[in-house]
Amino acid sequence: MAYTYLITGATSDVGAALIRHLLTEAPGEDRTILAQGCGDLARLDALVQQFPGRIVTFDADLSSPEAVDALCARFGKDLPCPTHFVHLPALPVVNAKFKAFDEARFQKDWEIQVHSAVKLCKAVLPAMRKAKFGRVLFIQTSYTIGCPPKNTAAYVMNKSAIGGLVKSLAVEYARFGITVNCVAPSMMETHFLKDTPDLIVQAAAADNPMGRNATPEDVAPAMAFLLSEEARFITGVTLPVTGGSAIV
């Protein structure tokens, strides 16, 4: 069977690690990656060269509902309908007290993380339902497991909304062979942390039972498993990838 993976936020460090994992773990399978970025597609140049003809890149501003609608209209036309959908995008975490809550930034992140996810799911799920097969995967955060750290209200709110969407879709679409899941990594040392003070990053590593923060290479295999045929009876779950720092 030919598989088409739509990966939004593909230009992130996690997105690149997942693409590399998917295209190397099963070299004999027919896998095509639809990789979305926003003004940063050059970050995928090395992967495109490494896997010629297997990665289709495109630019779309997920903070714009109109741009998301335009993207959704392309599926089944100049872009194939995805069999797998992985939604990764988010604005970087900004640690700020609630009295300094930035409503405009929160709304932009809502559009990127949540509203675009709703629109894209509405676009890709009908074809998956007709095919009686599909995989949908989101990325949450260990901040939604147990007690979140202080000063992360905007980020935790958006990620919690993703968790609610996952559970609702999982129940509704399970009988059509479609699974909907999340991974919830602990702090990952990626470009995503560019606005996070080094002291916070170092403290998270010191507090982790494994003595370090997560990497994209820690998370990509867990994501690939939830996207696989072997995970066909797993749906509606949030899988912690935390080194033991958050345990369900």
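Buried residues are those under 20% relative accessible area, exposed ones are over 50%, and partly exposed ones lie in between (1.4 Å probe, protein chains only). The model examined here is predicted, so local features need pLDDT of at least 70 and side-chain atom pairs count only at pLDDT 80 or more, while totals for chains, interfaces and linings use all residues. Residues are numbered from 1 along each chain as its sequence is written, and side-chain values use heavy atoms, with hydrogens and water left out.

Alanine 154 is partly exposed, with a relative accessible area of 26%, and sits in helix 5 (residues 153-173); helices (H or I, at least four residues) and strands (E, at least two) are DSSP runs, numbered from the N terminus. Leaving aside residues up to four places away in sequence, alanine 154 touches Phe101 and Phe106, where contact means heavy atoms within 4.5 Å. Alanine 96 is 58 residues from alanine 154 in sequence, and their C-alpha atoms are 9.0 Å apart. Serine 116, by contrast, counts as buried at 1% relative accessibility. This serine 116 belongs to helix 4 (residues 103-131) and, with residues up to four places away in sequence not counted, touches Leu62, Val68, His87 and Glu111.

Turning to helix packing, the axes of helix 1 (residues 13-25) and helix 7 (residues 216-226) come within 9 Å and cross at roughly 55 degrees. Axes are lines fitted to C-alpha atoms, for helices over the stretch in contact, and angles run from 0 to 180 degrees between N-to-C directions. Helix 1 and helix 7 are therefore oblique to each other, as angles under 35 degrees count as roughly parallel, over 145 as roughly antiparallel, 65 to 115 as roughly perpendicular and the rest as oblique. Residues of helix 1 in this contact include Val14, Leu18 and Leu22, and those of helix 7 include Pro216, Ala220 and Met223.

The interior comes next. A nonpolar core is a set of buried Ala, Val, Leu, Ile, Met, Phe, Trp, Tyr and Cys residues joined through side-chain atoms within 4.5 Å. The largest one has 31 residues, and Ile7, Ile19, Ile33 and Met223 have the most contacts inside it. At least two residues of this core come from each of strand 1 (3-8), helix 1, strand 2 (31-37), strand 5 (134-139) and helix 7. Helix 1 gives the most, with six residues. Another core, of 30 residues, lies apart from it and has Leu62, Leu79, Val136 and Leu165 among its members.
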